[in-house]
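Try each task before reading on to its solution.

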Amino acid sequence: MRWAIELGGEVAVQILAEVPSLGGGAGARERLRRGTEASAVQVLASLFEQSGEPPPISEPTADGMREHVHRGIPLAHVLRGLRIAHARTTEAFHRACAELLDPAAAIEELAAVTQALFDRIDKLADAMIREYLTEHAAWSVSTAAARAGVVRALLSDSPPADTEQAARTLGYDLDRTHVAVVLWSDSPSANPALQTAATELLRSHGATATLVVPMASGQVWAWGAVRAPMAGSADARALAPDLQPQHGLHVGIGLPANGVDGFRRSHAEAERTERFEHLRREAGQQPRESTAYADVAVAALLTADLTAAGELVRRELGALAERTETMATLRTTLRQYLDAERSLVTVAQRLHIARGTVTYRVRRAQEILERAVDERPFALRTALELAEELGDAVLR
């Protein structure tokens, strides 16, 4: 069972790597993992029982098919994911036969396993196609489908020309100042809580109208119509502290912006914030309940190409980018020193250390850098910020 569960996790990772459209947030990835895990366990159970009849489609897989329909994922992408899963599963079973059996027994077992897996993939594909088409027929005539379709069109490279009709379908005035938020959770079943949190969050900060659209398991997109901001970044940041941690909810908040273009721009900023928070989490950082784009904009843009961002960090910091506790302490002190406009007293107070310790650490960091801190200061501060936020993802 442990082997099958691990196999299911590996299959999910490979599917997402090769067909990223099947992802769509932490909750959607978790739903996919549950489906591949259930499938691997079912295959193992059917081989053990030698029943000859593969088990029916699992409930996690059926849930996944319904979600793919709601998110507009083409059936071809779903079937490609199924082929990847079949190939990875077959490879794993063949490897197990070779490792666990003597050559004579392995040949017969390989033939039996291969036949069983081909029988299963045929019947599973038929079941998944039926589930997809049935859900598609029902979904295509629903109000939720129409609203999701309009939102996708508005966010696309070719938005609809008739924005008044789009607004009527959405029940939301597009000719306003908008703040967009993206809420997510690791739990695929958290959408009701996410929708409620999105509405409450926007309303509590003066939104006179809201639009909330579930887009994937554990992910909701939302917009609030707000007054024209006096100071955009400050208004966006003011939203952040009020999301109470519940059900593992997290939110990324875009800047206020006007009209249809603002509807799109604020959402793009909220999505970049979500992506950056996922990068932080993957790097082992403590997840934050809420993050305003205004606070992470530079780092979010720089990490659009994570490989290039890592190269920048390592090039600017040199040996200071080593993954050791000593170097981490020096980086933190130097970053605080630059942020405090080189005030030793301020840094000592922030880090709760002696002023002499700050002096020593800053001098030691400069020795390791082999250059003065006022040489390429922007690049240095950027590298220190990325190292602080993303850790191992960008360090040596």
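**Exercise 1. Find which residues H86 touches, leaving aside those up to four places away in sequence.**

Solution. Keep in mind that this is a predicted model.
- Step 1: locate the residue. H86 lies in helix α4.
- Step 2: list its partners. Not counting residues up to four places away in sequence, H86 touches L117, F118 and I121.
- Step 3: decide how accessible the residue is. The relative accessibility of H86 is 17%, and buried means under 20%, so H86 counts as buried.

**Exercise 2. Describe how α1 and α4 pack: at what angle, and with their axes how far apart?**

Solution. 
- Step 1: read off the geometry. The two helices, α1 and α4, pack at an angle of about 140°, and their axes are 9 Å apart.
- Step 2: name the arrangement. Roughly antiparallel would need an angle over 145 degrees, so α1 is oblique to α4.
- Step 3: α1 and α4 make a right-handed crossing.
- Step 4: collect the residues. From α1 come W3, L7, E10, V11, Q14, I15 and E18, and from α4 come R80, G81, I84, A85, R88, T89, A92, F93 and A96.
- Step 5: sort them by class. The contact of α1 with α4 has nine nonpolar, three polar and four charged residues.

**Exercise 3. Characterise the aromatic pair of W3 and F93: what are the centre to centre value and the angle between the planes?**

Solution. 
- Step 1: The structure holds three aromatic pairs.
- Step 2: W3 and F93 are 5.0 Å apart centre to centre with 80° between the planes, an edge-to-face pair.
- Step 3: W3 belongs to helix α1 (residues 2-18) and F93 to helix α4 (residues 75-100), so their pairing ties together parts that are 90 residues apart in sequence.
- Step 4: check accessibility. W3 has 34% relative accessibility and counts as partly exposed, whereas F93, with a relative accessible area of 6%, is buried.

**Exercise 4. Now take the pair of Y172 and F263: where in the chain is each residue, and is Y172 buried or exposed?**

Solution. 
- Step 1: start from the rings. Y172 and F263 form a tilted pair, with 6.4 Å centre to centre and 50° between the planes.
- Step 2: locate both residues. Y172 is in the loop between α7 (163-170) and β1 (177-184), while F263 is in helix α10, 91 residues apart, and the pair links distant parts of the chain.
- Step 3: check accessibility. Y172 is buried at 2% relative accessibility, and F263 is buried at 0%.
- Step 4: widen the view. Together with W223, Y172 and F263 form one aromatic cluster.

Conventions:
Residues numbered from 1 in each chain as written. Predicted model: local features only at pLDDT ≥ 70, side-chain atom pairs only at ≥ 80, totals over all residues. Heavy atoms only, no water. Phe/Tyr/Trp six-rings, centres within 6.5 Å; stacked < 30°, edge-to-face > 60°. Helix = DSSP H or I, 4+ residues; strand = E, 2+ residues; numbered from the N terminus. Buried < 20%, exposed > 50% of the residue type's maximum accessible area, 1.4 Å probe, protein only. Contact = heavy atoms within 4.5 Å. Axes fitted to C-alpha atoms, helices over the stretch in contact; angles between N-to-C directions. Parallel < 35°, antiparallel > 145°, perpendicular 65-115°, else oblique. Left-handed = near helix turned anticlockwise from the far one by under 90°. Nonpolar A, V, L, I, M, F, W, Y, C, P; charged D, E, K, R; others polar.
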